[in-house]
Amino acid sequence: MITLLFFLSSGLFLGWSLGANDAANVFGTAVGSRMVKFRLAAIIASLFVIIGAIVQGAGASETLGKLGSVSTLAAAFTVALSAALTVYWMTRLKLPVSTSQSIVGAIIGWNLFTNNPTDGHTLTKILTTWVSGPILGAIFAALLYLLVKKILEHIRFHVFYRDLVIRWGLIIVGGFGAYSLGANNIANVMGVFTTSVHFPDINFGIFQLSGTQQLFAIGGIAIAIGIVTYSKELWKPLETP
Amino acid sequence: MSILFKQVKQLVLEVDEFISTVEQGVLIFKQGVYNYLDKDKKQFYDKIKNIERLEAQADKLQRNIDKELYLHSILPQHASDIEELIDKLDEIIDRSKESLYEFDVEIPYIPDELIRDFKRLTDVSTEAAMAVFPAVSTFFTEPSKVKAMLPKVYFYEKESDKLSRNIKRRLFHEMDNLKLSQKIHLRYFALHIETISDKAENLADFLSINALKFNL
């Protein structure tokens, strides 16, 4: 058990770094603009990150697993620690960093070190998302801005009620963003451990948690601790003047 | 952080009540000046009491609005703008009350031939203020429409300037029967009345700039 915890610690460290670093993407503007208080944002983000990781974390984990062979616990520990150190270092420098890029880099590095092949098709797929992600984000931002502007032009809203609606919108979207963060990024945190760590399934009566889901829940809690303990500093650069 | 509908609704009601209080104050000011010019002392003192009550009410509302804005962090990025807007509105009722006090304390002698001119100046100056109040209400609901409502304010302010200048010209060019001290005294009363429209113009300028900021 102690050995398992020791090897998992690098993944938990990576999860903590991810929480500290990536929560700014979800709630940074809401907190930076003082529309949502940090405490409320941290609670919602933590809760939904864990739910996202447990409910929908398996998909991205599968894609990442195809990138290379990280089949032993020691290998998973090394890869996760490499990525964690990268993310932690960048976080210390107050630079928002991509955990996906760090873990992909760490897996490729491990593949090179152990003379294992890197799956070109999967790598291309991942690289494509790095290019398409920001472009899609920009397109969605522009379209949604135009849509919201049009709606507000046609609805007679007192500015105080508008503030209230925007505030609730930020909380709901933040919750959704945190859920997606958990679902998408838990693979970066715990994905490398799925082949080497096997927990028995737990049946809670109304639902059942598989071994992988338990692993993701632990990773999700590590992310949540990162959000609560260290993310506040990184939200400051996103503050609007 | 304000996420409760009830708190926001309370603030909306207070802002509406504040605008309405200032508006009533301007109407009372206008009637008070008329009462003074018509030498109706009883009514004049009644108006002073009314405007004192309204001004105190406006101050209380202003304090509440400021407190609510910051306590519940409503419109955090624009709270200081709202505060400034409320402050500029408050200046109008403050000035109205002060002007009536000046009539009460200094008891200016107004010759019969100038009474019509002073009444006309009071009408036009208060009209500028009355034109800015709907723009303030619209500022909170449809900021994009505010700019179209402001030319009326500027028009009445310019008219008020002209009328005030005309009174001063008549005082110093035509009314040789008055002492210089009386002329200077009346000159200041024309200025006091005209100041209401100047305050309305200040508020209109503020609305014109900030309406752009409040549009998404």
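This is a predicted model: local features need pLDDT of at least 70, side-chain atom pairs count only at pLDDT 80 or more; totals for chains, interfaces and linings use all residues.
1. Residues are numbered from 1 along each chain as its sequence is written, and chains are lettered from A and ligands numbered from 1 in the order in which they are written.

2. Take helix α7 of chain A, residues 159-190. Helices here are DSSP runs of H or I with at least four residues, and strands are E runs of at least two, numbered from the N terminus. With 32 residues at 1.5 Å each, α7(A) should span 46 Å, and its end C-alpha atoms are 45 Å apart, which agrees. (The expected span is 1.5 Å times one less than the number of residues.) There's also a bend of about 40° at A:N184, taken as the angle between axes fitted to the seven residues ending there and the seven starting there.

3. How does α7(A) sit against α8(A), residues 211-230? The angle is about 100°, with the axes 9 Å apart, which makes the two helices roughly perpendicular. Axes are lines fitted to C-alpha atoms, for helices over the stretch in contact, and angles run from 0 to 180 degrees between N-to-C directions. Under 35 degrees counts as roughly parallel, over 145 as roughly antiparallel, 65 to 115 as roughly perpendicular and the rest as oblique.

4. In that contact (C-beta atoms, placed from the backbone, within 7 Å), α7(A) brings A:G182, A:I186, A:V189 and A:M190, while α8(A) residues include A:L215 and A:F216. By class there are seven nonpolar, three polar and no charged residues. Nonpolar means Ala, Val, Leu, Ile, Met, Phe, Trp, Tyr, Cys and Pro; charged means Asp, Glu, Lys and Arg; the others, Gly among them, are polar.

5. Now chain B: 17 of its residues are in contact with 20 residues of chain A. On chain B's side, α1(B) gives the most, with four residues. That side has 12 nonpolar, four polar and one charged residues.

6. Within chain B, α3 (residues 79-106) and α6 (residues 180-214) have axes that come within 9 Å and cross at roughly 175°, so they're roughly antiparallel. Their contact has eight nonpolar, six polar and eight charged residues.

7. Is B:E174 buried or exposed? With 11 C-beta neighbours inside 10 Å, B:E174 counts as exposed (buried needs 20 or more, exposed 12 or fewer, partly exposed in between, with C-beta atoms placed from the backbone). B:E174 lies in the loop between α5 and α6 of chain B.

Technical notes: Two residues are in contact if their C-beta atoms, placed from the backbone, lie within 7 Å.
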